[in-house]
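Reader: I'm new to this one, and I'd like to know what stands behind the labels. Can we go through them together?

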Amino acid sequence: MSRTVGYAGDVSPEAAWSALASDAESRLVDVRTVAEWAYVGLPDLGALGKAPVTVEWKRFPSMTVNPGFAEALAAAGAERGAALYFVCRSGVRSRDAAIAMTALGYGPCFNVATGFEGDRDAAGHRGTLGGWKVQGLPWQQG
């Protein structure tokens, strides 16, 4: 029995960048927390004439799902029918957000699989394996 994934699928940070560059209507949605945006940094889409849409999927510090996520995303300019690329730290929260927004009729919705910081290395640290930053894509720190 096959299982329905519930979103358009996972993409690499490089594939997301290419899609954002080639599709004027596409949006990068950063679903991390306010603290992560401020202290870890944000993707920099200035070269594409865009900025990431920032809406917390899970609210800091409780890390409970933001009940107003869909409304905030729509208010930030996300439109049904436009490709949405969701990114978080590692690809877990962003996958959940992509599934939820697909269920609400948005999309295609993609998950940036290795996220902004990438997977943990053998020492348990992020920032060396995959991720937007490690792939050398533009970013800025607040």
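**What the labels rest on**

Author: Let's start with threonine 33: apart from neighbours within four places in sequence, it is in contact with Glu56, Lys58, Phe60, Met63 and Arg93. Keep in mind that this is a predicted model.

Reader: Where is threonine 33 found, and why is it called buried?

Author: Threonine 33 is in the loop between S2 and helix H2 (34-39). Its relative accessible area is 3%, and buried means under 20%, so threonine 33 is buried.

Reader: How many aromatic pairs are there in the whole structure?

Author: A search finds 4 aromatic pairs. One of them is tryptophan 17 with tryptophan 132.

Reader: What makes the pair of tryptophan 17 and tryptophan 132 edge-to-face?

Author: Their ring centres are 6.1 Å apart, and the planes are at 70°. Centres have to lie within 6.5 Å to pair, and planes over 60 degrees apart count as edge-to-face, so this pair is edge-to-face. The pair also links distant parts of the chain, 115 residues apart: tryptophan 17 is in helix H1 (residues 13-22), while tryptophan 132 is in the loop between S8 and strand S9 (139-140). Both tryptophan 17 and tryptophan 132 are buried.

Reader: And why is the pair of phenylalanine 116 and tryptophan 139 called edge-to-face?

Author: Here the planes are at 85° and the ring centres 6.0 Å apart. With the limits of over 60 degrees and within 6.5 Å, the pair is therefore edge-to-face. Phenylalanine 116 sits in the loop between S8 and S9, and tryptophan 139 in strand S9, 23 residues apart.

Reader: Which residue lies over the face of phenylalanine 116, and which has its charged end over the ring of tryptophan 139?

Author: Arginine 32 lies over the face of phenylalanine 116, 4.3 Å from the ring centre. For tryptophan 139 it's lysine 133, whose charged end is 4.2 Å from the centre of the ring.

Reader: How do the side chains of strand S7 point?

Author: In S7 (residues 84-87), Leu84 and Phe86 point one way, Tyr85 and Val87 the other, and all are buried. That's because side chains in a regular strand alternate between the two faces of the sheet.

Technical notes: Residues numbered from 1 in each chain as written. Predicted model: local features only at pLDDT ≥ 70, side-chain atom pairs only at ≥ 80, totals over all residues. Heavy atoms only, no water. Buried < 20%, exposed > 50% of the residue type's maximum accessible area, 1.4 Å probe, protein only. Helix = DSSP H or I, 4+ residues; strand = E, 2+ residues; numbered from the N terminus. Contact = heavy atoms within 4.5 Å. Phe/Tyr/Trp six-rings, centres within 6.5 Å; stacked < 30°, edge-to-face > 60°. Lys NZ or Arg CZ within 6 Å of the ring centre and 35° of its normal.
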